[in-house]
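Q: Could you take me through this model and show how its features are read, one after another?

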Amino acid sequence: MGSLADFHTHSTFSDGRLTPTQLIDLAYRNGVRIMSLTDHDIVDGLPEAFTAAARYPDFTLVPGIEMSTDVPGGEVHILGHFIDWEDRDFRARLSQLQESRLGRARKMVERLQDLGKPVTWARVEAFAGEGAVGRPHIALALVEAGHVANVNEAFDLYLSRNGPAYVEREHLTPEEVVDLLHSVGGFATLAHPREFDAPGGIEPLLERLTKAGLTGMEVYYQDYSPDQVQPLLSLANRFGLIPLGGSDYHGLGGPRQREPGDIPLIMEPVERLLDLAKRNGVLTRAKGPAAVR
Ligand SMILES: [Zn+2]
Ligand SMILES: [Zn+2]
């Protein structure tokens with residue numbers, strides 16, 4: 001079951017429990033030798049990750065990111081690998097998105113106040129820690145304040161898409177994100193395709209994304225069972241996508257959690273991606289500019 005590669009992990013810089021260093025140590029112990037750190041909409045964990053990775057000569061860190069995009073009726077996550085994360089324009093765009101998310105979270109806190117379910121912004125920020133403030137942190141503040149029994153109830157009663165405290169976030173189409181990732185030399189991969197349940201199914205989305213220049217699709221994901229992997233593999237092949245995968249490790253527990261490397265990702269597709277990265281001259285990014293400074 002163990003895999004040498006894991007292309008989808010999160011650290012404290014988004015919503016994971018482990019620091020980039022702790023995450024890499026755990027991955028290495030688990031036998032992972034090629035890993036991508038793909039925090040949500042942020043690349044700030046990468047300098048620490050490269051420093052940590054440099055302690056293991058036989059370990060390759062692929063600079064990555066996971067970005068949220070919107071399609072009618074749902075949300076689509078796209079992973080970027082081998083991105084030039086130090087690019088000034090790219091970082092400026094990420095900060096801009098972060099500002100807009102922060103504004104949105106503040107508005108949701110205001111709405112809760114109006115609804116007679118106040119939480120303080122300080123507590124929301126405390127729950128987010130170093131990560132980007134989001135609905136899960138507002139949910140935790142609601143639980144702490146005694147307004148709801150648990151996080152699920154916070155979403156059901158207030159924070160879900162149709163909830164009274166919900167505020168829309170800035171919309172990004174999947175194509176915009178694929179373009180953004182391409183603009184910094186990255187490869188785009190559709191994350192956890194089984195989560196996508198908009199009417200019409202996944203095939204129209206794959207058609208759209210393939211046209212936009214999608215490179216891969218997560219097939220060996222988290223707890224996907226062999227009979228869930230098989231149809232995804234056929235789809236990936238049909239659309240000419242590299243069947244990648246990862247644990248999507250957050251370190252938060254739960255029945256679906258898999259540890260870094262604890263997924264049946266085989267090396268053949270990984271090597272296809274590495275070959276592409278070599279041909280495009282971006283494989284060097286995995287060496288980590290921060291590590292050689
Ligand atoms: Zn995701
Ligand atoms: Zn993820």
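**Reading the metal site and the fold**

A: Let us begin with the sequence pattern of the site: in this predicted model, the donor residues of the zinc ion (ligand 1) are spaced E-x10-H-x114-H.

Q: Which residues and atoms coordinate the zinc ion (ligand 1)?

A: One looks for donor atoms around the metal, and here Glu-66 (OE), His-77 (ND1) and His-192 (NE2) coordinate the zinc ion (ligand 1) at 2.1 Å. Of these, Glu-66 belongs to strand S3 (residues 60–71) and His-77 to strand S4 (residues 74–81), the two residues being 11 residues apart.

Q: How far apart are the zinc ion (ligand 1) and the zinc ion (ligand 2), and which residue coordinates both?

A: The two ions lie 3.6 Å apart, and Glu-66 is the residue that coordinates both.

Q: Is Glu-66 buried or exposed?

A: Burial is judged from relative accessibility, with buried meaning under 20%; Glu-66, at 1%, therefore counts as buried, and His-77, at 14%, counts as buried too.

Q: What share of the contacts with a separation of 6 or more comes from residues 24 or more positions apart?

A: In the protein chain, such residues account for 74% of those contacts.

Terms used. Residues numbered from 1 in each chain as written. Chains lettered and ligands numbered in written order. Predicted model: local features only at pLDDT ≥ 70, side-chain atom pairs only at ≥ 80, totals over all residues. Heavy atoms only, no water. Donors = N, O, S within 2.8 Å, 3.2 Å for Na, K, Ca; no water. Helix = DSSP H or I, 4+ residues; strand = E, 2+ residues; numbered from the N terminus. Buried < 20%, exposed > 50% of the residue type's maximum accessible area, 1.4 Å probe, protein only. Contact = heavy atoms within 4.5 Å.
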